[in-house]
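Please examine the sequence and the three-dimensional structure shown below.

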Amino acid sequence: MLTGIHFLLTYRCTYECDHCFVYSSPRAEGTFTLKQVSQVLDEARKIGTIKSIYYEGGEPFLLYPVLIEAVRLARQAGFQVGIVTNGHFATSEEDAALWLKPLAEIGIADLSISDDGFHSDAVESPAKRAIRAARELHLPVDSICIDAPTVESKSAREKGEPIVGGGVRFRGRAVEKLTQGLPRIHWQEFTECPHEDLSDPGRVHMDAYGNVQLCQGLCMGDAWQTPLSTLVKNYDVASHPIAGLLASGGPALLVKEFNLAHEDSYVDACHLCYSARKALMNRFPEFLAPKQVYGI
Ligand code: SF4
């Protein structure tokens, strides 16, 4: 059951991380207006099962006044609110408190702050300052830490091949930047999607272009063409040309059905899935979008 809408409030970010699966950067386009946010919140209410709204990106604090108002609107509509940020604004703990205080006053359910070597390798990072300031304000704060890919021992996997650890999902820029030299598995082994319930999604990500994404770059449809509540009501994985195949046979089935050119092996299922979807992007522009999350 769909219970969460995650706004990619902007694709723009202060950083340009190697592991970013939506290709965010300081130059990325695609930013919501407050009017669009309000429109989506109205639709979210109509769906009837939505409990939580997340604001993420990109870096949502780049739109600070819009973010604060968007949080207020979501709370007024009765939703729980979460935010994902890199904490870049925390030049000092005291100043971070100024940024975060309005959120403590409105009341949010989760503040997730990316705090890892991809975002900053400083011992005293902005993220750490933001986390301390949030704790002082009694905000429900958590840190997200994704490590650089590591090769884990054989015993972790039934068949005994080494696997890749560290938490990176090999989609988007991570494919371009982080797959080199990592152990790989034969493509035919990727017969399921390991991370998303495509038949019955629990949450979708929505961007300012209207793309309602089941996974980054894999869309249910365009909410600026068809209202979000209608898209959700009519969604049937079996009739989705890409998600249907992924749900029944994983990325390997996608490759087989469309007879796609492929390598012998891939780092993980997402690596194969992302590569296959990128090859199909121009054939299914409504379902594989936006192009910028495929690095184009
Ligand atoms: S296999 Fe594909 S659809 Fe599933 S989580 Fe990975 S990239 Fe997303």
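Two strands are said to pair if DSSP finds at least two bridges between them. Helices (H or I, at least four residues) and strands (E, at least two) are DSSP runs, numbered from the N terminus. This is a predicted model, in which local features need pLDDT of at least 70 and side-chain atom pairs count only at pLDDT 80 or more, while totals for chains, interfaces and linings use all residues. Residues are numbered from 1 along each chain as its sequence is written.

Eight strands form an open sheet of mixed pairing, in the order 5-4-3-2-1-9-10-11. Strand 5 and strand 11 are the edge strands, each pairing on one side only. From one strand to the next the twist averages 25°, with axes taken as lines fitted to C-alpha atoms and angles running from 0 to 180 degrees between N-to-C directions.

Strand 3 (residues 80-85) and strand 4 (residues 110-114) run parallel and are joined by four bridges. Strand 4 also pairs with strand 5 (residues 141-144) in the parallel sense, again over four bridges. Bridge partners from these pairings are listed here.

| Residue | Bridge partner | Strand of the partner |
|---|---|---|
| Ile 83 | Leu 111 | strand 4 |
| Val 84 | Ser 112 | strand 4 |
| Ser 114 | Ile 144 | strand 5 |

Together with helix 3 (residues 93-106), strand 3 and strand 4 make a right-handed β-α-β unit; right-handed means that, with the strands pointing away from the viewer, the path from the first strand over the helix to the second runs clockwise.

**Helix 8**

The 12 residues of helix 8 (residues 269-280) should span 16 Å at 1.5 Å a residue, and the end C-alpha atoms are 17 Å apart, which agrees. The expected span is 1.5 Å times one less than the number of residues.

Because 10 of its 12 residues are buried, helix 8 is largely enclosed by the rest of the structure. A residue is buried if 20 or more other C-beta atoms, placed from the backbone, lie within 10 Å of its own. The buried residues of helix 8 include His 271, Leu 272 and Arg 277. They pack against helix 5 (173-178), strand 11 (218-222), helix 7 (243-257) and strand 12 (265-266), contact being counted when C-beta atoms, placed from the backbone, lie within 7 Å.

**The ligand shell**

Among the residues that surround the ligand are Arg 171, Cys 193, His 195, Glu 196 and Cys 215, where a C-beta atom, placed from the backbone, must lie within 6 Å of the molecule. Helix 7 and helix 8 are the elements that give two or more residues to this shell. Helix 8 gives the most, with four residues.

Methods: Contact = placed C-beta atoms within 7 Å.
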